[in-house]
Amino acid sequence: MRTLVLGRTPARVRDVVATLRADGFDAEGVSADEEARKLLAAGEFGVLIIGGGVEPESRSSLKEFAAEHRVRQVIDGALTEPFDAYVRREFEPVIREIAAEGRGGG
């Protein structure tokens, strides 16, 4: 299951994506709403992670857009250091759960 990470700080987006990929997840990251919309419109992402720096209006609009494009779970994130530990503790269990539901498990 593919995961899209949207955040306003490119370095943090890269860190999150790198951790997810290192742990075997298929992830991509962007920093702009329009980039996220283009990727989500393809219908290939099951999970959207929205970083804490994303403005409330953008967050709300993207959640609605994601729901219209087969995204099964939106995760609100607000990274704390160490970022890799936060990703593993807060994001990865949710992604695993959603992926398992998609396979008929869990």
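Glu-92 contacts Thr-19, Leu-20, Asp-23, Phe-25 and Val-87, leaving aside its neighbours within four places in sequence. The model is a predicted one. Glu-92 sits in helix 4. Its relative accessible area is 2%, so Glu-92 is buried. One of its partners, Asp-23, is 69 residues away from Glu-92 along the chain, yet their C-alpha atoms are separated by 8.8 Å.

Now step back to the helices. Helix 1 covers residues 10-22, and helix 4 covers residues 83-102. The two pack at an angle of about 60°, with their axes 10 Å apart. Helix 1 is therefore oblique to helix 4. The crossing of helix 1 past helix 4 is right-handed. Which residues make the contact? Helix 1 supplies Arg-12, Asp-15, Val-16, Thr-19 and Leu-20. Helix 4 supplies Phe-83, Asp-84, Val-87, Arg-88, Phe-91, Glu-92 and Ile-95. By class, the contact has six nonpolar, one polar and five charged residues.

Arg-59 belongs to helix 3, residues 56-68. Is Arg-59 buried or exposed? Its relative accessibility is 15%, and the cut-off for buried is under 20%, so Arg-59 counts as buried. A polar atom of the Arg-59 side chain lies 3.3 Å from the backbone oxygen of Val-54. Not counting residues up to four places away in sequence, Arg-59 touches Ile-50, Gly-51, Gly-52, Gly-53, Val-54 and Asp-76.

Conventions
Residues numbered from 1 in each chain as written. Predicted model: local features only at pLDDT ≥ 70, side-chain atom pairs only at ≥ 80, totals over all residues. Heavy atoms only, no water. Axes fitted to C-alpha atoms, helices over the stretch in contact; angles between N-to-C directions. Helix = DSSP H or I, 4+ residues; strand = E, 2+ residues; numbered from the N terminus. Parallel < 35°, antiparallel > 145°, perpendicular 65-115°, else oblique. Left-handed = near helix turned anticlockwise from the far one by under 90°. Contact = heavy atoms within 4.5 Å. Nonpolar A, V, L, I, M, F, W, Y, C, P; charged D, E, K, R; others polar. Buried < 20%, exposed > 50% of the residue type's maximum accessible area, 1.4 Å probe, protein only. Polar contact = N/O pair within 3.5 Å; in protein donor to acceptor, adjacent residues only side chain to side chain.
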